[in-house]
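Q: Hi, I'm new to this one. Can we go through its charged pairs together?

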Amino acid sequence: MLGRVFGTDPDGEGHEQVVLCHDRSSGLKAIIAIHSTALGPALGGTRFFPYATEEEALQDALNLSRGMSYKNALAGLDLGGGKAVIIGDPGRDKSEALLRAYGRFVQSLRGRYVTACDVGTYVQDMDVVARETEFVTGRSPEHGGAGDSSVLTAFGVFQGMRASARARWGQPTLRGKRVGVAGVGKVGHYLVGHLLEDGAAVVVTDVSEAAVNRVRAAHPEVEVVADTAALLNASLDVYAPCALGGALTDDTVAALGAAGTAVVCGAANNQLAHPGVEKDLADRGILYAPDYLVNSGGVIQVADEIEGFNFDRAKNKATRIFDTALEIFTRAAADGVPPAVAADRLAEKRMREIGALRSVLLPAARRS
């Protein structure tokens, strides 16, 4: 079992620490990236994915961990940002030994990083990881955890979408609007339920036939299209990318603009394929709800587990995503910048101010 530490700021973009984890006996190859601990321990999920190269996995870990710093800051949590990726096919390579080996690497960081679920990992996996480390959230209720964080992730995205509707059309509802959901897996299928309950017409697509069939079985009224290209041309009012990152490319934004889509608000992390996409969206009159703001319900849920999980308390915190989104839209309009820029500024302000406060040395408690 080897843990190679890349060190301070390995990518030149502010990351504090990146660790390559390799356990030959279990086949584990993982990367843990800690972007910032300015607000507290770095909290972020574990992605299990068949990356083509270690370089691709590293870049994903760096991007995702940075996003977690901003997400946790905007969510008002006293937590920094981190992320881990396990390289491999979760359907083929996942095992108890591999997950427990990963847990030992997490434990070796002594609380600088706290893990949870992400793409390819589930509550049951976190229960296994927790057999080797105390620094894990997203466990099952049977083990004192918060359970499936997709529940409040979807709820938070819905709150962000309601705020987007308020900013765009004057009312915080999707009633009568046509919403396209790309990806109806862990989070997307819960989001579909919220939208239908609110009176929206919903169109979906997913590369997984099983995911589509599950939505069809629960909600026969949902329209299904073959792929994302068909979804983008489906005369949508709102586009919700809820699969993997990089969904908002130049071509995607052009298609959304041509189709007259007014709002983009979805659950996927790192939706902007490259810098400048946020400006292109704004220039085309498309209101973009920053992904790391609206999808923060999940991290709010698992963070609450650290205190001893209470669902109602966590849901109340996730409800505030609506207010934060409205604040960001207002700041963006006042400053003449895209909402993504306004969100970055607000998150960076909190990290800077609270980080400076935490640098003040407090005297040790007196002993009696």
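This is a predicted model: local features need pLDDT of at least 70, side-chain atom pairs count only at pLDDT 80 or more; totals for chains, interfaces and linings use all residues.

Q: Which residue does E96 form a salt bridge with?
A: R100. Their closest N and O atoms are 3.0 Å apart.

Q: Where do R100 and E96 sit in the chain?
A: Both are in helix α3, four residues apart. Because of that spacing, about one helical turn separates them.

Q: And what is the relative accessible area of R100?
A: It is 24% for R100, so R100 is partly exposed.

Q: What about E132, how far is it from R100 in that salt bridge?
A: The closest N and O atoms of R100 and E132 are 2.8 Å apart. This pair links distant parts of the chain. R100 is in helix α3, while E132 is in the loop between α4 (123-129) and α5 (150-169). They are 32 residues apart.

Q: Is E132 buried or exposed?
A: Buried, with a relative accessible area of 18%. The cut-off for buried is under 20%.

Q: Which residues are linked in the network of salt bridges?
A: E96, R100, R104, R131 and E132.

Q: New topic. How many salt bridges does the structure hold?
A: 23. One of them joins the side chains of E16 and R112, at 3.1 Å from N to O.

Q: Where are E16 and R112?
A: E16 is in the loop between β1 (2-5) and β2 (17-23). R112 is in the loop between α3 (96-108) and β7 (113-114). They are 96 residues apart.

Q: What are their relative accessible areas?
A: E16 has 25% and is partly exposed. R112 has 31% and is partly exposed too.

Note on methods: Residues are numbered from 1 along each chain as its sequence is written. Side-chain values use heavy atoms; hydrogens and water are left out. A salt bridge is a side-chain nitrogen of Lys or Arg within 4 Å of a carboxyl oxygen of Asp or Glu. Helices (H or I, at least four residues) and strands (E, at least two) are DSSP runs, numbered from the N terminus. Buried means under 20% relative accessible area, exposed over 50%, partly exposed in between (1.4 Å probe, protein chains only).
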